[in-house]
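This report describes a protein chain from its overall make-up down to single residues. Look at the sequence and the structure first, then read on.

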Amino acid sequence: ILDIAFAEDWSTSGIAIVVRGRENPTKAKATEGEVWRTDDHGATFTRVLDIPVAIGVAYATPPDGQGTRRFFIAPFEYMGTEGAKQIGIVQSDDGGLTWVDFDNEQDFGDRTGVNQGTGLGVSDRLQMAFAVSPDFATDDTVYHVRGEGLFLSRDLGNYWDPMRTRA
């Protein structure tokens, strides 16, 4: 288990997700990821998503301008291998029941150095996080940071742009 995210309304909804990654037993050097969901304050969990790469981080947002609470997850790598579907930032807007990535893997996969050549050791490259703007309810802005840099979405995480962090 690599991360857990509690719905912002956890005390009443009982919803949380747990993400994990593991070695794929059928492919050498490959991983796979899973999302597990609870809606009974952790008494039971149900697997709701499998993807062909380990998941590194989970995040729950406060309500957006329409009152929707979202979960975001990010895989360790964006590029698919051996014909696997490429996976971008994946999100759920229904409490973790269903998930979509809006084909945004291309927002990360076409960046020079993604998953490679960052000057960081492997363990540091795998560190990542999400955050929302202090004005998330009105500006729909989500941030994602990882070894390759800082990325910004101004449309609730559908599409992502790299941000400059140096002058």
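## A residue pair between two strands

In this predicted model, V132 stands opposite V142, a residue of strand β9. V132 belongs to strand β8, which covers residues 128-132. Strand β9 spans residues 142-146, and its pairing with β8 is antiparallel, with 5 bridges.

## The two faces of β8

Side chains alternate along β8. On one face are M128, F130 and V132, which are buried.

Strands β8 and β9 are part of an open sheet of 4 strands, in the order β8-β9-β10-β11, with antiparallel pairing. At the edges are β8 and β11 (161-163), each of which pairs on one side only. From one strand to the next, the twist averages 30°.

## The chain as a whole

The protein chain has 167 residues, and 42% of them are buried. Its secondary structure consists of 4 helices and 11 strands.

Among contacts in the chain with a separation of 6 or more, 40% are between residues 24 or more positions apart. The accessible surface of the chain is about 8900 Å². Carbon and sulfur atoms account for 50% of that surface.

Technical notes: Residues numbered from 1 in each chain as written. Predicted model: local features only at pLDDT ≥ 70, side-chain atom pairs only at ≥ 80, totals over all residues. Heavy atoms only, no water. Buried < 20%, exposed > 50% of the residue type's maximum accessible area, 1.4 Å probe, protein only. Pairing = 2+ DSSP bridges. Axes fitted to C-alpha atoms, helices over the stretch in contact; angles between N-to-C directions. Contact = heavy atoms within 4.5 Å. Areas by Shrake-Rupley, 256 points an atom, 1.4 Å probe, with all protein chains shown as cover.
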